[in-house]
Amino acid sequence: MAQLSARERRSAVPRRASSAGLRRFVEDFAEEHPPLSLDAADLTIKDPDQVRRRYGGVFNYLTRVELEVERNVLELRALMPDATETDRLFYHDVWSPQELQHGILLDAVQQGFGMTPAATDLEVSAKIRLVGVLSHLPGMLGVIRLLYYLTGAATERSAVVAYTRLVDGLRAMGEHAIAETVVAPIRRQEPGHFAFYRLSAEVLVGEEGLSDWQLQLARILRRRSFELVGVNNRRQRADFGDVARALEFDRDLVEVARQVSLVERELLWAQQQGLKVPRYILAALEEAIALSTARSAGLEI
Ligand SMILES: [Fe+2]
Ligand SMILES: [Fe+2]
């Protein structure tokens, strides 16, 4: 299929995606969603053993990922030393304080059913530092920013799906206090994070504009480097699989992959007709579930 010209590509992106609109969105979101407070939460759990059995791994995993926001901010500085003012406003004043509170709230819940926090990894990896160095090469900053926004969009969308299912599951168990005062309020903040990454990616590809080679390189790198949220090694991939099974992602895995890939399908793969879900995302989910299943059966992974 013929490549779209830069002008056609810009017009293919929704009109709302402008840098001024993005700025307004961040300011409004900051005003409407202050960080959640632990004092406002009711941590009563009716049946701690049952919650631990069913969702212990989920709370443990989500707590770790939320608290690793601290590392994400450091990574961001290494990756994009020249972040835009809107980026900075979002990361420092909105996103990072909100995610930190999500971690603190989830941690308080898991301690209530006797779980200890998983070790967080706050070290910026050599890989990220290398990418930060590459960002100084001509044209590379645009590619790296796009990959960063796509990763953010996939992560936040995964969070929306996970928290939605967790709220439903807790309600069904009659655990209304933690469902309504912890997980549901967290869940309400995640779509705003997703919207930020989506709009940022759309502004970058549309208003700011990326050339064909930049988009092509982004496709190659995305395919090769995609990783599920919170996964840096095999054990963590199996842990993600535990979460996926507890939240029943395995019942409709293609739909989950469709949600996670929403923005990259639109911006990277729209020309590949019939591509409902990028293969690398579905494969990563399948592998996580297979590892988790093997580990539960007592196999070495
Ligand atoms: Fe969060
Ligand atoms: Fe988030």
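Over which residues does pLDDT stay under 50? I began with this because the model is a predicted one, and where pLDDT is low, the predicted coordinates should not be read in detail. I found that pLDDT stays under 50 over residues 8–14, a stretch for which the model has nine contacts beyond four places in sequence. For the protein as a whole I noted an average pLDDT of 90, with 94% of the residues scoring at least 70.

Next I looked up the largest nonpolar core, which has 70 residues, and I wrote down V58, L146, L166 and A201 as those with the most contacts inside it. Helix α7, residues 140–172, gives the most to this core, contributing 15 residues. I then followed V58 and, leaving out residues up to four places away in sequence, found that V58 touches L166, V243, A246 and L247.

I turned last to helix α13, residues 279–296, and checked its length: at 1.5 Å a residue its 18 residues should span 26 Å, and its end C-alpha atoms are 26 Å apart, which agrees. Which residues of α13 are buried? I listed I281, L285, A288, I289, L291 and S292, and these lie on the same side of α13 because they cover an arc of only 160° around the axis. The buried residues of α13 pack against α10 (234–246) and α11 (253–260), while the face turned away from the buried side carries the exposed residues R279 and A283. After α13 I came to G298, whose phi is positive, near 85°.

Conventions. Residues numbered from 1 in each chain as written. Chains lettered and ligands numbered in written order. Predicted model: local features only at pLDDT ≥ 70, side-chain atom pairs only at ≥ 80, totals over all residues. Helix = DSSP H or I, 4+ residues; strand = E, 2+ residues; numbered from the N terminus. Expected span 1.5 Å × (residues − 1). Buried ≥ 20, exposed ≤ 12 C-beta atoms within 10 Å, placed from the backbone. Arc of directions from axis to C-beta. Contact = placed C-beta atoms within 7 Å. pLDDT = per-residue confidence, 0-100. Core = buried A, V, L, I, M, F, W, Y, C linked by C-beta atoms within 7 Å.
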